[in-house]
Each structure stands twice: as structure tokens, then as C-alpha cells.
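Here is a short briefing on one protein chain. Please keep the sequence and the 3D view open as you read.

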Amino acid sequence: MTLKEQNMSNKQKKVRKKRHKILRYTLLTLVVLLIGGTAFGFYEYNKLKPTNHFSDLKPIGEPSKGSSSNNSQLSHYKEKAGVFNVLLIGSDARKGSSLGHTDSMVLIHANLNNHTYNMMSIPRDTRVKSDYGYTKLTSVQYISQAKKGTKQGIVDAVKAVSNLTGVPIHYYAETNYWGLQDMVNVLGGIDMNLPFKVTLTHPWYKENQGKTFEAGTHSVNGKMVTELVHERYSLPGTDYGRQQLQQAALIGIAKKVMQPSNITKLPALSRSMSKFLIATNMTNEDMVSIGLGVKNDFHPEEQVKYRQVKGTGKTMYDDILKANNSQVILDDQQLKYTVKKYFSN
């Protein structure tokens, strides 16, 4: 080998050595980034695990002392980690209007540790005590929104339910006719298992007047879901029948969301959450944590349990309307029993 060739060989070795050195540093940097990313992901995952994320939660408002006999028993209890209470609110607010009456309310006690979800619907005409005196539950949000603004109207409605039940409520999520309709349509419709025959007596759309659905499972789009959960006059128990239809709709939505074919639609659902919900105090982190909690172990028909508290219709004085009207008085003993057994520790 000539001197020139030897020098070229040494140069090539140095270049290869330098390249190998750069490659090693590049790989080392990549490994560090991957480890750092994994550690960060693990930290975030740990932080969002339901037992870590849903702990030391602050209730929305405090039940007024002495406003209900239930409060002395339950207003100060502390939820276990991984457990929370959420109030789902259905509003009859029309498009473009900031005011609406509460059309339906569903209290959910979610235990992400043992995967149980107890639901209790509260009739819209239930007599409650508010900042304005005794009135129907459906009127609390409307009058409070008119006087104090949209958010405070929701908070006052939540407080009225908390006072009534003695249950601290940590989250709320409110939707309306169009929000529910859009959500179901994004999912491509749902299956609703109707517990009884339903005839639409006061539908949103005139062409659906008198339409009848036999008991059993029906594949329905968003428009028809909203018609069904709005019905009450043709149902056994009117408001109590409506509660069962609301449960059927929620279970249908939950089952459809968790189908593998709908996983690709979840980002669209997440981005459109403001379209479906009028208001909520739940953050994206709250929703991700719930997703982690129910992932791979969600069987709504077995895990979602519907609890019903009966009431009696009475004509009573309404402090807001300054007149008598028909109100529902929930059975106090049954309410206490249901709350103590299914909605508390």
C-alpha cells in the first residue's frame, strides 16, 4: 500500500469513526428522549388514573344546613378515591336562547373502582327548596339564569338537587335537544331497548305525531332518540316512564361509543363536545380519566343500575309563581334509603 493510499484509508477510518460516534450519540439521544417521553407518559398516566385523579373532589356548592333531613347524614361525607357524583341535565332551551327550563335530571354515582354506575332520575316537577323559596325543580334554573346568568343558573339547579338528596355533586353536564341529536348522529345512530310501548303525543316534529313503537329494541337516529326521551304522556307513570326511556338512551349511547368501530370517531366527538354540551365543569383530563377507568371493562347493561324514587302529585303553593300548581313530592323514606344504599359510601 502506497503512502497516499494509507492516508486515504486513515481518513476513511476517521470519517467512519466520526459517523459511528455521531450515530451512537444520535441513538443515545433518541433513547433518552424515548425514556423521558415514557417517563412523562407514565407520570401523566399515573396522574390520570381514576384513583389519583378523582380524589379530594370539591362539591359544587354546599347543601344548605337544615334544608333537608338527608343533609345531616350525608352532606359532610367524603367520597372514596375513584368515586364521584355527576348530574346530567337536559334543557328545553331553544336555539339562540340562553334561558331554558330543566326538562330532565339524572344523578349518577360513578364508582370507577368496582365499575358500578347507579343512576337516579329526578322528575322535573319535583318540589325543591331554592334561593327563591319552594318551587318546581324545572323552574330553578330558568329563574336563576334570568336573574344571575347562565352559569349560576346551572349551579343553583345543582345545589337544589344536592339539597334535596343530601348528595354532594362534583360535576355537571348539560345538553339540549340538538346536542343529544348531534351526538347520536355522529355515532351513526343507536339501539334503544324500550321497556314498554311508546306513542309520541307531543313530538318536536309534527310528522311524528302519533308514531308508535312497540316494546323491544329499535335502531334509531338522533332525531328519533330526542323524540322518545321527550315523551311522557303515553307512558306508564308519565315522568317515571320517561326516566326509563332516558336510561335506555344513555345505555344505547354508552354501548355504541365503546364499540371498536367507533374508536375512530372519538376524536371527532371530543372536538365537538361544545356542540353537544351547553355547559359542563368537566375538563378534558376528567374525561380522559373516565375513559381510562372504563376501558376494557365497561358492560353498561350489567353495570349501569337505574334506581327510582316514587313521588306523589300534589297541588301546592309555588313561591316563584306566587300561585298554586301541581308538584311532585318524593317519598322521603324511600329517597333516604336509596341515597344511603346506592349514592354514598
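Which hand does the crossing of helix 6 and helix 7 have? The crossing of helix 6 and helix 7 is right-handed. A crossing is right-handed if the near helix is turned clockwise from the far one by less than a right angle, and left-handed if anticlockwise.

This is a predicted model, in which local features need pLDDT of at least 70, side-chain atom pairs count only at pLDDT 80 or more, and totals for chains, interfaces and linings use all residues. Residues are numbered from 1 along each chain as its sequence is written, and side-chain values use heavy atoms, with hydrogens and water left out.

**Overall make-up**

- The chain has 13 helices and 14 strands. These are DSSP runs, numbered from the N terminus: helices are H or I with at least four residues, strands are E with at least two.
- Of the chain's 345 residues, 46% count as buried. Buried means under 20% relative accessible area, exposed means over 50%, and partly exposed lies in between (1.4 Å probe, protein chains only).
- Take the contacts between residues at least 6 apart in sequence: 68% of them join residues at least 24 apart. Contact means heavy atoms within 4.5 Å.

**Helix 6 against helix 7**

- Two packed helices are described by the angle between their axes and the distance between the axes.
- Helix 6 covers residues 177-186 and helix 7 covers residues 222-230. They pack at about 135 degrees, with axes 7 Å apart.
- Axes are lines fitted to C-alpha atoms, for helices over the stretch in contact, and angles run from 0 to 180 degrees between N-to-C directions.
- Helix 6 and helix 7 are therefore oblique to each other. Angles under 35 degrees count as roughly parallel, over 145 as roughly antiparallel, 65 to 115 as roughly perpendicular, and the rest as oblique.
- On the helix 6 side, the contact uses Y177, L180, Q181, V184 and N185. They meet G222, K223, V225, T226 and V229 of helix 7.
- By class, the residues of this contact are five nonpolar, four polar and one charged. Ala, Val, Leu, Ile, Met, Phe, Trp, Tyr, Cys and Pro count as nonpolar, Asp, Glu, Lys and Arg as charged, and the others, Gly among them, as polar.

**Helix 7 against helix 8**

- Helix 8 spans residues 239-257 and packs on helix 7 at about 150 degrees, with axes 8 Å apart.
- Helix 7 and helix 8 are therefore roughly antiparallel to each other.
- V225, L228, V229 and H230 of helix 7 touch R242, L245, Q246 and A249 of helix 8.
- This contact has five nonpolar, two polar and one charged residues.

**Helix 7 itself**

- Helix 7 is mostly covered, with eight of its nine residues buried. Among them are M224, E227 and L228.
- T226 lies in helix 7. T226 is buried, with a relative accessible area of 3%.
- Not counting residues up to four places away in sequence, T226 touches Y177, L180, Q181 and W204.

**Nonpolar cores**

- A nonpolar core is a set of buried Ala, Val, Leu, Ile, Met, Phe, Trp, Tyr and Cys residues joined through side-chain atoms within 4.5 Å.
- The largest core has 29 residues, and L87 and V158 touch the most other members.
- Elements that each supply at least two residues of this core include strand 1 (83-91), strand 14 (323-330) and helix 5 (150-165). Helix 5 gives the most, with seven residues.
- Leaving aside neighbours within four places in sequence, V158 is in contact with I60, L87, I89, I169 and Y172.
- A second, separate core of 23 residues includes L180, M192, L200 and I253.

**Loop residues**

- K310 lies in the loop between strand 12 (304-307) and strand 13 (311-318). At 41% relative accessibility, K310 counts as partly exposed.
- Leaving aside neighbours within four places in sequence, K310 contacts Y240, L330, D331 and Q334. K310 and Q334 are 24 residues apart in sequence and 7.7 Å apart in space, C-alpha to C-alpha.
- Most residues other than glycine have a negative phi.
- D56 has a positive phi of about 55 degrees although it is not a glycine. D56 sits in the loop between helix 2 (50-53) and helix 3 (71-74), and is exposed at 60% relative accessible area.
- K322, also not a glycine, has a positive phi near 60 degrees. K322 is in the loop between strand 13 and strand 14, and counts as exposed at 58% relative accessibility.
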